[in-house]
Amino acid sequence: MRRTGFSAITHFLFGPPRLHKELQEERDLVFAIGQCSLDNDQKVHIRVLQTIYKKLTGSKFDCARYGSHWEQLGFQGADPGTDLRGTGFLGLMHTLYMVMDLQTLPLARDIYKLSQHPIQNFPFCLMSINITRITIQALREECLSKECNRRQQVIGVLNDFYVAAFLHLYQIWKTQHKTISDSGFVLKGVEMFAKKNPKQLLKRLETYLLERQNGTVLPADKVSSTSNHTLTGMRSKSTSVINTKEMNFMGVCELEPEPEGEVQLI
C-alpha cells in the first residue's frame, strides 16, 4: 500500500515495522498467486478442487469440474473459478491448507458442518474466500510484518493467520447465533479485529489447537482471549514453511499418507 504526504510520514514514524528485504520476494509471490485464476489446463488446479471437495464432504468419488455439487461447498454456482476474482488461486490454496493439515482439518469440518446448519447456514467457500481477502489486505497494510520478520517467513504466517481469522469468525457465528443476514457485519468485525490484533488472533489459534490436541478444547464462548500456552515444536514446519530459494510450497502437493488413506491430492 503506497502512502504519500503526511500519511507516509505518520506511517513511517508510528506504523508497523516494514517487512525485511529478504522476505519481500516471498510476499510478492503471495500477491502473484492472488492474481492467478483457476486454470483448467493445470492438472494441479483441478486436483486442488477435488481434494477440497473430498476432504470436506467425505466423498470417495471424483466430481465434475462444473456442476451444482460445488454449491454444496458454498460456491455461488456451477463454476468455482468465478468466485475467485478477488483472491485468485490463493483463495483455494488457503482452503487446501486448512483441510490438508491434520491439526486444522477437524476445525475445517466443524466450520463446514456449521455452514450446513438449517438456520445458521452460510456459504463455506465464499466465507473462506473472504477470509483470504482479509489476509491479503492485512499483508498489504503491513499488519503481519512483525510476525513475518520474527518467524522469517511469509506464507507460513499467512496460512496461520487465515486459519486463526476463520476460527474467530466461527466462534462468533456459532456462539452468537449469527445467520447469513449478519454476514456483512460479522466479516467487517473480524477484519477490524484481525488487523488490529494479529498476535492475539494467532495466540488464540495456538491455544485452540493445543487444547484440541489434548482433548480439552473449550466451548467456543469460553475460549480465553489470552493464553500462556505455546506450541513450540507442535506443528510440523513442513506444512507452513516455504523454501524461499526455490519458492515452492511445501506440504501442499508433495503430500504424505494420512491414516485414513485419502490425503493426497486427487
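Reader: Does Cys-148 count as buried or exposed, and at what relative accessibility?

Author: This is a predicted model, in which local features need pLDDT of at least 70, side-chain atom pairs count only at pLDDT 80 or more, and totals for chains, interfaces and linings use all residues. Residues are numbered from 1 along each chain as its sequence is written, and side-chain values use heavy atoms, with hydrogens and water left out. Buried means under 20% relative accessible area, exposed over 50%, and partly exposed in between (1.4 Å probe, protein chains only). Cys-148 counts as buried, at a relative accessibility of 0%.

Reader: How many disulfides does the structure hold?

Author: A disulfide is a pair of cysteine sulfur atoms within 2.5 Å. Cys-36 is partly exposed at 39% relative accessible area, whereas Cys-148 is buried. The number of disulfides in the structure is zero.

Reader: What pattern does the protein chain follow along the sequence?

Author: Helices (H or I, at least four residues) and strands (E, at least two) are DSSP runs, numbered from the N terminus. The protein chain has eleven helices and zero strands. Read along the sequence, the pattern is α-α-α-α-α-α-α-α-α-α-α.

Reader: What percentage of the residues in the protein chain is buried?

Author: The protein chain has 266 residues. Of these, the buried share is 48%.

Reader: How are helix 7 and helix 10 oriented to each other?

Author: Axes are lines fitted to C-alpha atoms, for helices over the stretch in contact, and angles run from 0 to 180 degrees between N-to-C directions. Helix 7 (residues 124-140) packs against helix 10 (residues 183-196) at about 30°, with the axes 10 Å apart. Angles under 35 degrees count as roughly parallel, over 145 as roughly antiparallel, 65 to 115 as roughly perpendicular and the rest as oblique. The angle therefore makes helix 7 and helix 10 roughly parallel.

Reader: Which classes of residue form the contact of helix 7 with helix 10?

Author: Contact means heavy atoms within 4.5 Å. Ala, Val, Leu, Ile, Met, Phe, Trp, Tyr, Cys and Pro count as nonpolar, Asp, Glu, Lys and Arg as charged, and the others, Gly among them, as polar. By class, the contact has six nonpolar, three polar and three charged residues.

Reader: How are helix 3 and helix 6 oriented to each other?

Author: The axes of helix 3 (residues 43-57) and helix 6 (residues 105-115) come within 9 Å and cross at roughly 75°. That angle makes helix 3 and helix 6 roughly perpendicular.

Reader: Which residues does Pro-17 touch, not counting those up to four places away in sequence?

Author: Pro-17 lies in the loop between helix 1 (5-14) and helix 2 (24-33), and is partly exposed at 39% relative accessibility. Pro-17 and Glu-147 are 130 residues apart in sequence, yet 9.7 Å apart in space, C-alpha to C-alpha. Beyond the excluded neighbours, Pro-17 touches Glu-142, Ser-145, Lys-146 and Asn-149.

Reader: What is the phi of His-177?

Author: Most residues other than glycine have a negative phi. His-177 is placed in the loop between helix 9 and helix 10 and counts as exposed at 58% relative accessibility. Although His-177 is not a glycine, its phi is positive, at about 55°.
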